[in-house]
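Take a look at the chain below.

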Amino acid sequence: MDTGDRLLTPGEVAALFRVDPKTVTRWAAAGRIGSIRTPGGHRRFRESEVRALLEGEGEFDEDNPPGSPAPQPGAGAAPRAAGSRPGGY
């Protein structure tokens, strides 16, 4: 079913948001922006959804809009002792 919606690469989306393409990939992996996968496994983004997000009509979490840093796992956790490594080795 062809909706006529153009598909954008991570690089094209990144240029619109003025971020690195890897950031766009991270947003997709975190579910912050919808993507589809090509048969070769590459991500593509619907232009209509990207434009809606740019215009503020999308469904991004208001606490984490595009361009804002994503919450980091372990944020607020107690710092490790100097010289210690995760996993205790």
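Among contacts in the chain between residues at least 6 apart in sequence, what percentage join residues at least 24 apart? The figure is 49%.

A word on confidence comes next. This is a predicted model. Its pLDDT averages 77 over the chain, and 60% of the residues score at least 70. Residues 70-80 stay under 50. For that stretch the model has 4 contacts beyond four places in sequence. Where pLDDT is low, the predicted coordinates should not be read in detail.

Now the fold. The chain has 3 helices and 3 strands. Their order along the sequence is β-α-α-β-β-α. Of the 89 residues, 22% are buried.

Next, the interior. In soluble globular proteins, nonpolar side chains tend to be buried together. Here the largest nonpolar core has 11 residues. They are L8, V13, A14, F17, V24, W27, A28, I33, F45, V50 and L53. Three helices each supply at least two residues of this core: α1 (10-17), α2 (21-29) and α3 (47-54).

Finally, α3. Which residues of α3 are buried? They are E47, V50, A52 and L53. Two of these, V50 and L53, also belong to the largest nonpolar core. The cover over the buried residues of α3 includes β1 (7-8), α1 and β3 (43-46). Just past the end of α3, G56 adopts a positive phi of about 80 degrees.

How values were computed. Residues numbered from 1 in each chain as written. Heavy atoms only, no water. pLDDT = per-residue confidence, 0-100. Contact = heavy atoms within 4.5 Å. Helix = DSSP H or I, 4+ residues; strand = E, 2+ residues; numbered from the N terminus. Buried < 20%, exposed > 50% of the residue type's maximum accessible area, 1.4 Å probe, protein only. Core = buried A, V, L, I, M, F, W, Y, C linked by side-chain atoms within 4.5 Å.
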